[in-house]
Amino acid sequence: MEALAEHHDVPTTSILLGAGSATLLDLVTHVCTRPGATVVCPWRGWEAYPHIIARSRTNFVPIPLTSADEVDLDAIAHAITSDTAMVLLTNPHNPTGQALDRQSWRRFLARVPSGVTVVIDEAYYEFLSPPERATTASGIDTVRDPSNNTRVIVLRTFSKAFGLAGERIGYAITTSQIAADLRRCQIPFSVSRTALAAAAATFHDTAAREAQLHEIRAERDRLARELTALGYPVHHSSANMLWLPLRNRAEDFATGLARHGIIVRHWPGDGVRISVGTHTDHNALLAAARVLPR
């Protein structure tokens with residue numbers, strides 16, 4: 001807790017540990033919504049979101065991405081009504097990898113009513129390059145801002161950039177008051193001692209983590225360039241994934257790769273998400289992509 005507080009420049013009372021960001025989102029939804037209320041969320045998004053929201057007997061309101069597969073903050077703000085208890089965003093977005101810029105984020109927050117909680121899931125934030133962080137919105141910056149009047153809760157995880165998905169550990173950052181409200185409703189002993197020790201070890205090993213992140217970004221960008229050169233549409237990504245808006249070709253592309261032993265996540269009629277792997281993985285994918293019909 002102390003290391004996280006120092007790193008993010010927040011008091012320890014603003015941090016809440018949990019068994020992964022998904023478990024924390026479940027807690028946040030139970031505390032910050034009410035039965036029959038709505039939760040507004042850009043869609044397509046992480047497929048667990050609607051299921052987590054439904055557990056609190058709230059109504060999930062999906063807001064379509066734009067035709068360019070971008071999060072439509074104007075449409076999301078417009079969808080907020082008197083029944084809205086929470087807005088849920090992901091930054092960078094899953095599955096497109098889009099990073100929200102700071103100016104759009106600030107304009108959006110100014111349109112959110114005071115009683116609405118904004119949850120920003122930053123599971124992939126560490127994959128941003130240093131230059132990108134200068135222009136990308138940060139929910140933690142918002143929490144630290146004394147002039148901010150919006151209820152903002154930031155979710156972070158050790159499952160992605162830190163490589164601890166199996167240990168189930170993440171954390172939330174918000175105001176001390178909101179954190180206290182969440183803590184009172186949290187199931188005790190939800191984080192194991194092993195997970196805490198693993199998180200501490202990986203968190204302090206900055207050099208190894210940054211080297212791995214650099215390699216992931218380099219491989220992501222190489223794969224994007226080479227797929228683009230082959231004629232495939234590739235959305236710019238700031239996360240550890242690539243989004244190919246293949247629309248009616250998505251299923252054929254995924255099926256074709258599967259015949260070569262390569263599995264990607266796809267949504268028929270929409271697109272394909274490719275998780276960033278190793279140099280060898282990508283060479284195999286590119287070899288298969290070259291022979292698929294386009």
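This is a predicted model: local features need pLDDT of at least 70, side-chain atom pairs count only at pLDDT 80 or more; totals for chains, interfaces and linings use all residues.
Me: Let's start with the rings: how many aromatic pairs does the count come to?
Reply: Two rings pair up here if their centres lie within 6.5 Å. Going by that rule, the number of aromatic pairs is nine.

Me: Take Trp43 and Phe60: is that pair stacked, tilted or edge-to-face?
Reply: A pair of aromatic rings is described by the distance of the centres and the angle of the planes. For Trp43 and Phe60 the centres are 5.6 Å apart and the planes sit at 85°. Plane angles over 60 degrees fall in one class, so Trp43 and Phe60 are edge-to-face.

Me: And how many residues apart in sequence are the parts that this pair ties together?
Reply: Trp43 belongs to strand β2, residues 38-43. Phe60 belongs to strand β3, residues 59-64. The pair therefore links parts whose separation in sequence is 17 residues.

Me: Are Trp43 and Phe60 buried, exposed or partly exposed?
Reply: Buried would need a relative accessible area under 20%, and exposed would need over 50%. Trp43 has 23% and Phe60 has 21%. So Trp43 is partly exposed, and Phe60 is likewise partly exposed.

Me: What about Tyr124 and Phe127: stacked, tilted or edge-to-face?
Reply: Tyr124 is buried and Phe127 is too. Their ring centres are 6.4 Å apart, with the planes at 40°. Stacked needs under 30 degrees and edge-to-face over 60, so Tyr124 and Phe127 are tilted.

Me: Which residue puts its charged end over the ring of Phe203?
Reply: Phe203 is part of one aromatic cluster along with Phe158, Phe162 and Tyr171. A charged end sits over the Phe203 ring, 5.9 Å from the ring centre. That charged end belongs to Arg209.

Me: On to pockets: which element gives the largest share of the lining of the largest pocket?
Reply: The largest pocket holds about 330 Å³ and has 18 lining residues. Elements that give two or more residues to that lining are α1 (2-8), α7 (139-144) and α10 (206-229). The largest share is four residues, and it comes from α10.

Me: How many charged residues are in that lining?
Reply: Lying nearest the centre of the largest pocket are His7, His8, Tyr125, Arg133 and Arg156. By class, the lining has six nonpolar and four polar residues, and the number of charged ones is eight.

Me: Which element gives the most to the lining of the second largest pocket?
Reply: This pocket has a volume of about 260 Å³. It is lined by 13 residues, with Trp105, Arg106, Leu109, Thr142 and Asp145 closest to its centre. At least two lining residues come from each of α5 (102-110) and α7. With five residues, the element giving the most is α5.

Me: How many disulfides does the count come to?
Reply: A disulfide is a covalent bond between the sulfur atoms of two cysteines. The cut-off used is 2.5 Å between sulfurs. For Cys32 the nearest cysteine sulfur is that of Cys185, 9.2 Å away, and for Cys41 it is that of Cys32, 15 Å away. The disulfide count comes to zero.

Me: Last one: are Cys32 and Cys41 buried or exposed?
Reply: The threshold for buried is a relative accessible area under 20%. Cys32 comes in at 12% and Cys41 at 2%. So Cys32 counts as buried, and Cys41 also counts as buried.

Technical notes: Residues are numbered from 1 along each chain as its sequence is written. Side-chain values use heavy atoms; hydrogens and water are left out. Rings of Phe, Tyr and Trp (its six-membered ring) pair if their centres lie within 6.5 Å; planes under 30 degrees apart count as stacked, over 60 as edge-to-face and the rest as tilted. Buried means under 20% relative accessible area, exposed over 50%, partly exposed in between (1.4 Å probe, protein chains only). A charge sits over a ring if NZ of Lys or CZ of Arg is within 6 Å of the ring centre and within 35 degrees of the ring normal. On a 1 Å grid over the protein atoms alone, a cavity is a set of points where a 1.4 Å probe fits but cannot get out, and a pocket is an open set with protein on both sides within 12 Å along at least five of seven lines; lining residues have an atom within 4 Å of a point. Grid points are joined across faces, edges and corners, and a volume is the space filled by probe spheres set on the points. Ala, Val, Leu, Ile, Met, Phe, Trp, Tyr, Cys and Pro count as nonpolar, Asp, Glu, Lys and Arg as charged, and the others, Gly among them, as polar.
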